[in-house]
Amino acid sequence: MFISTTTFGQERSRQERAIIAFDAGVQHILDGKLKRAGKSLQQAVDLDSTFLPARRMLGLAHDLQDDYPAALTAYEGVLRHDPHFSRLLYYQTGEVYLRSGQPRTALTYFFDFRDRQADPLGRYGLMGEREQSVEQQIVKHDLAQRILSAQLSADSSNYVNASGLYNLGSPINTVQNDYFPFFSNDQDYLLYTRQGAYGDEDLIEGRRRRPERGYSISRFGSFNTSQPEGMCTLERDGETIFFTMCHDEPEASGCDIHRGILTNGKIEQVKKLPNYLNSSTWDSQAAISCDGQQLFFASTRPGGIGGSDLYFCTREPDGNWSEPRNLGAAINTPEDEEAPFLSNDSETLYFSSMGHAGMGDQDIFFSRLDRSTGRWAKAINIGPPINSPARELGFHLTAGGRQGYFASDRPGGEGGLDIYGFTLDDKLTGKDVTYVSGYVTDSLTGAPIVDQRIPVTGSTGVYKTNYAGRFFICAPPDQALPLTVDHADYLPYRRSFDIPRWDNLAPYRIDLRLQQQLAPAAAPPTPAVDTVASVAVEQSTEVYFAFESAQIGREQREAIDALVAGAGGVAAIDRVVLLGYTDQVGTEAYNLELSRRRAQAVGTYLQQLGVAATAITVTGRGKLEGEMARKLKRRVEVVIGLR
């Protein structure tokens, strides 16, 4: 009797200690101290292996830390010991299997949870009564979607629209939330949003000197504050940026969309979009079409379908934006839709949604535009591996239309939302588009013609030159691009350019040189793109320079001497236009100055030969775009007109 009493007392002591450890573990979970919770709950289980509530809470502590194997060991241990301990636990176990990438096993538990809804509630004892309301909410709102998610993942071979998924890693991704990526056309420059530990959002920039090297990152601009800023979009011309700023001043309206100009890596001329675009609520996540004629954004303004809706507006002939219009029920739902992105051909819209049937927390969807009706088709889930049971948002495609990026908080990342890259299947990239860019200048002086309208024959698009005379057009390849320029001081310009297929890492270059009214009109040149060919001249050549050099040496003198001699000597020269260029190495400001010095060096030598300084026009154009050897870009184009 003495031995039995002692043993009973020891067992009772173990149970009491298990309860104490269990209570401590639950409190640690409530306090967010998950590692401590795991230690306390493991102690409770070690003290009493039949203490099923402790085992279940141990599974929860591991689940909340994304330690899926340990969570499944605990959950399944409870169900093996007592299959009727908790009906809800079948759903929770299925969730863990789904998030850990085992969708077929997840389906087994989801179906088991669904089938057990027909069981008498009393079979699950006190736990069944406590969990009944939670189960009803899951059956009503979540179960069908989770089953669909598991089915899509299990049959992923039928749905895969992307390949080569990878995490961009450090330093771009951190333990914080990193999302909304937008890459420059050559992918050497990156802007994205980072959310700090206290909810502040800042715009971050990344740069790399070569494709094989990683990015160096820094906070972008001087406007980042303790309030949220970020969620940016660049126009494909690389000059105009749209971004969001949120401030809590009494006169502000929350989060609003702003526009700025990127000059030498800095934002200038920052201005909030008009109040009819920005509302008194939340407006953010602007997306601009390739041709700059359409603007999409997310808003919680009154009158929408629910939550955050997607809206769009178009550019009017006067350059202003139209009134925003809701994209309708094919896109928007009573839940949140956000983060729009438009393909190069403006016919495929990608966005994130909480309301359409998806695979997880928030998924990425796409919709096709019916040009005949102007309506968007019903949204389609883009599927795995882009979507997962985790959260996905901020879809972005680079200039070529196939390399893409998005953000996700799926397991295995650096922490929180990470930015991932992928290659999109051809069937979802849209029609090919070639980026076309160049300058409109005076054919005699080389002076830029700014704020000049450039209509495309047969198109309603509004294209204008910027402060440097530069224009940018998204054009269909393998077709003619008919351009028209009318200016009061110049002869009418009419020309059709043959546009090739292009990788868009840099725009396809065409230049338009207008002749003054007093100058005799010359016959249009035959070449489509040569930067000299569109000028009415008798002689031209290129003078090439060494890397980072603007020095005139023997090779440069021989090229200039040969051109002058072929023109009939200095006395035959009426005017000279010198256009300097560099390769892509170096900053924009450095390249612009180097290109000017190269052109100036050629002009100085021509003056030494006897050409009047008043007859020489010098222009530095900076880096020369297009696909050619770098050494061929380090040049000065010399164009002479004869008397």
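Patches here are built from residues with over 30% relative accessible area and no salt bridge, with like charges joined within 9 Å and nonpolar side chains (Val, Leu, Ile, Met, Phe, Trp, Tyr) within 5 Å. The accessible areas come from the Shrake-Rupley method with a 1.4 Å probe, and for residues only the protein chains shown count as cover. Lys and Arg count as positive, Asp and Glu as negative, while His and the chain ends are left out; each charge is placed at NZ of Lys, CZ of Arg, CG of Asp or CD of Glu. The model is a predicted one, in which local features need pLDDT of at least 70 and side-chain atom pairs pLDDT 80 or more, whereas totals for chains, interfaces and linings use all residues. Residues are numbered from 1 along each chain as its sequence is written, and side-chain values use heavy atoms, without hydrogens or water.

On these terms, Lys33, Lys35, Arg36 and Lys39 form a positive surface patch. Arg36 sits in helix α2, residues 34–47 (helices are DSSP runs of H or I with at least four residues, strands runs of E with at least two, numbered from the N terminus).

As for charge pairing, the structure holds 32 salt bridges (a side-chain nitrogen of Lys or Arg within 4 Å of a carboxyl oxygen of Asp or Glu). One of them joins Arg146 to Glu95, with the closest N and O atoms 2.6 Å apart. Arg146 belongs to helix α7 (residues 125–154) and Glu95 to helix α5 (residues 88–99), so this pair ties together parts 51 residues apart in sequence.

On a 1 Å grid over the protein atoms alone, a cavity is a set of points where a 1.4 Å probe fits but cannot get out, and a pocket is an open set with protein on both sides within 12 Å along at least five of seven lines; lining residues have an atom within 4 Å of a point. Points are joined across faces, edges and corners, and volume is the space filled by probe spheres set on them. The second largest pocket holds about 1100 Å³. Of its 32 lining residues, Glu235, Thr240, Arg259, Ile261 and Arg315 lie nearest the centre. Strands β8 (254–263), β9 (266–272) and β23 (470–475) each give two or more residues to this lining.

Turning to the backbone, the Ser170–Pro171 peptide bond is cis, with omega about 5°, and Pro171 falls in the loop between β1 (162–167) and β2 (177–183). Another cis bond runs from Pro384 to Pro385, with omega near 5°.
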